[in-house]
Amino acid sequence: MQRIIAASSLCSKILRKERQRALFSSSSLLFDDTQLQFKQSVRQFAHENIAPHASKIDQSNSFPKEVNLWKLMGDFNLHGITAPEEYGGLGLGYLYHCIAMEEISRASGSVGLSYGAHSNLCINQLVRNGSAAQKEKYLPKLISGEHVGALAMSEPNAGSDVVSMKCKADRVDGGYLLNGNKMWCTNGPSAQTLVVYAKTDVTAGSKGITAFIIEKGMPGYSTAQKLDKLGMRGSDTCELVFENCFVPEENVLGKEGKGVYVLMSGLDLERLVLSAGPIGIMQACLDVVLPYIRERSQFGRPIGEFQLIQGKVADMYTSLQSSRSYVYSVARDCDSGRVDPKDCAGVILSAAERATQVALQAIQCLGGNGYVNEYATGRLLRDAKLYEIGAGTSEIRRMVIGRELFKQHSSNQAALLVNLSASEVEVGRRGTVENKARLDGSYKAKSLSNQTASSWKSTPAKGFHMEWCQSFGNRWFMES
Amino acid sequence: MKIMVAVKRVVDYAVKIRVKPDKSGVETQNVKMSMNPFCEIALEEALKIKESGLAKEVVAVSMGPSNCVDTLRTGLAMGADRAIHVEASRDLVPLTVAKLLKKLVEIENPGLLILGKQAIDDDCNQTGQMIAGLLGWPQGTFASKVVFDKEKQVATVDREVDGGLETLCLDLPAVITTDLRLNQPRYATLPNIMKAKSKPIKKFTLEELNVEIKSDIEVVQVIEPPKRKAGVILSSVDELIDKLKNEAHVI
């Protein structure tokens, strides 16, 4: 009897050790020492200063009144992670920004979203596109947290089809007059500085868009009702109204008519940084579920000992880890200057959809308790869902990726496929090339006959071209 | 004035520890480690003194295997200027640490040595007292308040003792060990974490310092305390006295 008791207590000790492993070392392989310190530091800050307010922020649909979270985060140097040091920023890259975004989102999804909108959509756009005078004027207060930043591109009738926006900017003496409405503006109600896109030329389609910097208090600019959202409650979102709002010449961000470049390039980086939001939410789900399955007992044992629960938790964990790896490797790529729209869209597409599933499973693991608002899991699900919609819906993201893939591997590319690096080889797989050959066998013969046997051997992706040749096998020999 | 702070890398205070199956010690593989909380308080005090202008430099010191550098990096990120790492095998008893510190003090010549009152893994509460004895310096242990007088080169220390608070006046150079209520350690701010990467960590080996690790203490066994048994509800005072006398043997 004694031995059995000793064994079961040993089991629970091992489970406890596993929990410690999961909580502490789950991401240690992804970062170097400094990045890990950075992450732990932000984690501690968020855990002590933001997490205690998370539930109340959700219930009251507003940020806490007794503490200024913006200022607190500004004091901790969180806003200007990608901004130059001369304006009070840290001068670091997107990897660090993603790390900070993850830990803040882990503490509170709403605060994470508002933080992301402020620090990336507003501050980072100013950093990337602003003139020296504009940066000097707006960045210091935004980075310190004294001012809140926002960005507005969507309209009531222009969401996914954002280029069809109707908000007009008419040229007048000394500047522009803005007329129109903007919708879904995160931080809109409280922002002092906003990046707003409007059409300076309504006939020119995407080439008629210009980006402007709007200040709260400009005559003609006002905010309408704060939206009552399903999740991300407290991250204030509202409609912006422009009625003959005069914007001076010097507030054009970038160049007139070049706003679409500001918008689209900004969207890539926005998607990257925001994709750390659902990562934080997935981690928060594990933070709730793992202790719960040890404490909750049924049939005389902690429910965490049952295989079905262990299966759920395993799925949650692997979703988190794989999404996390994708996010951080794309962040590293962007820091090296390789910004690929497919991966920026892919990263938030994958992370957001998984986060919703992980949050659903978290509710399921808690059973009845998961259905009660006293536990965080309901809020985590409602917060996670937003990321499938904001920053381009999942459908738009799929379109961006699919369209890019199709464009990059058009029929002209068939002969060039052998020169691809190994990673891109997988993308232009056998299926694609074979289908092309079947569709247009004569074309293939033409491109192949231009190559001599020796040139095949000189290509770097040797493994691939061997397989490629084999897949064509007979056809190749027949037609040449 | 230079301040030297000795810090130790221990199992994080929030971790639920477990004993190794062979009972030789506590499991430290794959367990979160961090700076001893009392050492954090010591470092915070040193940084406060430096910020008030009374000291020029804060040097953090740690002894042990190569992963001690993690703790030193945390110290540098909090604001220490330099760090020293004494490379040694795992188990160093307080007396050896004190002897090594003595050698470092002779090299660095600090005006003040601050340590945590004890480490949360061994709870020895010996190193501060031993190094003060070896150096012949005055000591203010369990400090809950420290005030400096620069002209008189004197530190007034409030100590938390069993009877209450004792106030001592120490001539510098002195040894101070910190207790819980002395201060609230700061976060390592993000700019400081980035700056810490370029701050120097000097490495010493035991041979260079010419100190022998000879332990007079051998750990025989480490076991968990017996599980707390359920209490018994008694029905009368007589029964209580009977149990105290005949079962617990305390009266």
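Modeller: Start with A:E155 and A:K182, whose side chains form a salt bridge with an N to O distance of 2.9 Å. Keep in mind that this is a predicted model. The two partners are 27 residues apart and link distant parts of the chain: A:E155 is in the loop between β1 (149-152) and β2 (168-172) of chain A, while A:K182 is in strand β3 (residues 175-186). A:E155 has a relative accessible area of 5%, so it is buried. A:K182 is buried too, because its relative accessibility is 0%.

Now set that beside A:D236 and A:K226, another salt-bridged pair, at 3.3 Å from N to O. Here A:K226 belongs to strand β6 of chain A and A:D236 to the loop between β6 (221-226) and β7 (237-248), so the bridge ties together parts 10 residues apart in sequence. A:D236 comes out as buried at 16% relative accessibility, whereas A:K226 is partly exposed at 36%.

Chain B has a pair worth a look as well: B:E160 and B:R181 meet in a salt bridge at 2.9 Å, N to O. B:E160 sits in strand β8 (residues 154-161) of chain B and B:R181 in the loop between β10 (174-178) and α5 (190-196), so parts 21 residues apart in sequence are tied together. B:R181 is exposed, with a relative accessible area of 58%.

Salt bridges also join up into a network, one that links A:K39, A:E102, A:E103, A:R106, A:D287 and A:R324. Over all chains, the whole structure has 39 salt bridges.

Conventions:
Residues are numbered from 1 along each chain as its sequence is written. Chains are lettered from A and ligands numbered from 1 in the order in which they are written. This is a predicted model: local features need pLDDT of at least 70, side-chain atom pairs count only at pLDDT 80 or more; totals for chains, interfaces and linings use all residues. Side-chain values use heavy atoms; hydrogens and water are left out. A salt bridge is a side-chain nitrogen of Lys or Arg within 4 Å of a carboxyl oxygen of Asp or Glu. Helices (H or I, at least four residues) and strands (E, at least two) are DSSP runs, numbered from the N terminus. Buried means under 20% relative accessible area, exposed over 50%, partly exposed in between (1.4 Å probe, protein chains only).
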